[in-house]
Amino acid sequence: MSAQDRLTDALYGIGWGTVKKLPEPVAVRLGNTIADAAWKRRGKGVRRLESNYARVVPGASPERLAELSRAGMRSYLRYWMESFRLPAWSAERIRNGFEVKGIHHLTDGLAAGRGVVLALPHLGNWDLAGAWVTTQLKTPFTTVAERLKPETLYDRFVAYREGLGMEVLPHSGGSAFGTLARRLRDGGLVCLVADRDLSASGVEVEFFGDTARMPAGPALLAQQTGALLLPVTLWYDGSPVMRGRVHPPIEVPEAGTKAEKTSVMTQALADAFAGGIADHPEDWHMLQRLWLADLEPRPSDGERP
């Protein structure tokens, strides 16, 4: 392991070991302080965040984009502070920390014995939403995580999410899709972050007026297993409670090839994501390139796990 990898792993270890012990108001202030310092430095991630917001809010002035990127960094650090603290939250704190509309789309689908795929963009804190599902609904689910470097960091994230009641599969290795399909055919729940393709073989969609690529997995799983495909959007409103919405199911088209059906369904997902992002752009934590026009031939941006 390189010195940089050891440092990265150690910093995350400090986060989970120290931040979770802080009183909540102290953790909030610390998160805002770190966010403001990062925003003022205007590093690559902050500049990319601002560039992405410029597509979401066309015509925004430089001053407005600066306001959005500052709020976006504060939202991003809220995600991290909450995530570091989630393992220490009580079941009551988790249940009271999330309020969601349209949850009947999920509970009705599960009650009917159908598998359900929840697909989310990088909005708000999906780890908190997942902990709420396992705690409030008492429903376990399966998800996928990118293999991070160093391997010890990936292991930390897997242990963290499994501690919240999730089954975590590695994104690489080729076996994740088959396992997800089996869970769905058994009437289970699968949750996938699905607004950025990691494989370079995703589906091209129109997203805020330009072409982006999103993963085909959610639509393919719904087609092959008969599971419901439900978009989910999340946001903060200035309170300690995160808000969310489970959108109505995206239906499998009756006609067309598998590729054509997948394209239509993935575009519908992108449209649902775009609506939630447009309403709460500062809670979209996309600090990487997304649109094809912004991608380099060999993108090297990191990915939030």
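Student: Before we get to loops, what counts as a helix or a strand here?
Tutor: Helices (H or I, at least four residues) and strands (E, at least two) are DSSP runs, numbered from the N terminus. Keep in mind that this is a predicted model.

Student: Which other non-glycine has a positive phi?
Tutor: Phe 208 has one, about 55°. You'll find Phe 208 in the loop between strand S6 (203-207) and strand S7 (210-214).

Student: Switching to strands. How many residues of S8 are buried?
Tutor: 9 of its 9 residues. Both faces are covered: one side has Leu 228, Leu 230, Val 232, Leu 234 and Tyr 236, while the other has Leu 229, Pro 231, Thr 233 and Trp 235.

Student: Which way do S2 and S8 run, parallel or antiparallel?
Tutor: Parallel, with 4 bridges joining them. In that pair, Val 117 stands opposite Leu 229 of S8.

Student: What about S8 and S9?
Tutor: Those two run antiparallel and are joined by 5 bridges. Trp 235 stands opposite Arg 243 in S9. Their hairpin has 5 residues between the strands, and Gly 238 takes a positive phi near 90° there.

Student: Now the core. Which residues have the most contacts inside the largest nonpolar core?
Tutor: Met 73, Phe 207, Leu 234 and Trp 284, in a core of 85 residues. Helix H4 (residues 62-85) supplies the largest share of this core, 9 residues.

Student: What does Met 73 touch?
Tutor: Setting aside neighbours within four places in sequence, Met 73 is in contact with Ala 35, Ala 38, Trp 39, Val 46, Leu 49 and Leu 287.

Student: Last one, helix H10. Which of its residues are buried?
Tutor: Pro 218, Ala 219, Leu 220, Leu 221, Ala 222 and Thr 225.

Student: And what covers them?
Tutor: The cover includes strand S2 (116-120), helix H9 (176-185), strand S5 (189-193), strand S8 (228-236) and helix H11 (258-279). Just after H10, Gly 226 takes a positive phi of about 80°.

Conventions
Residues are numbered from 1 along each chain as its sequence is written. This is a predicted model: local features need pLDDT of at least 70, side-chain atom pairs count only at pLDDT 80 or more; totals for chains, interfaces and linings use all residues. Side-chain values use heavy atoms; hydrogens and water are left out. Buried means under 20% relative accessible area, exposed over 50%, partly exposed in between (1.4 Å probe, protein chains only). Contact means heavy atoms within 4.5 Å. A nonpolar core is a set of buried Ala, Val, Leu, Ile, Met, Phe, Trp, Tyr and Cys residues joined through side-chain atoms within 4.5 Å. Two strands pair if DSSP finds at least two bridges between them.
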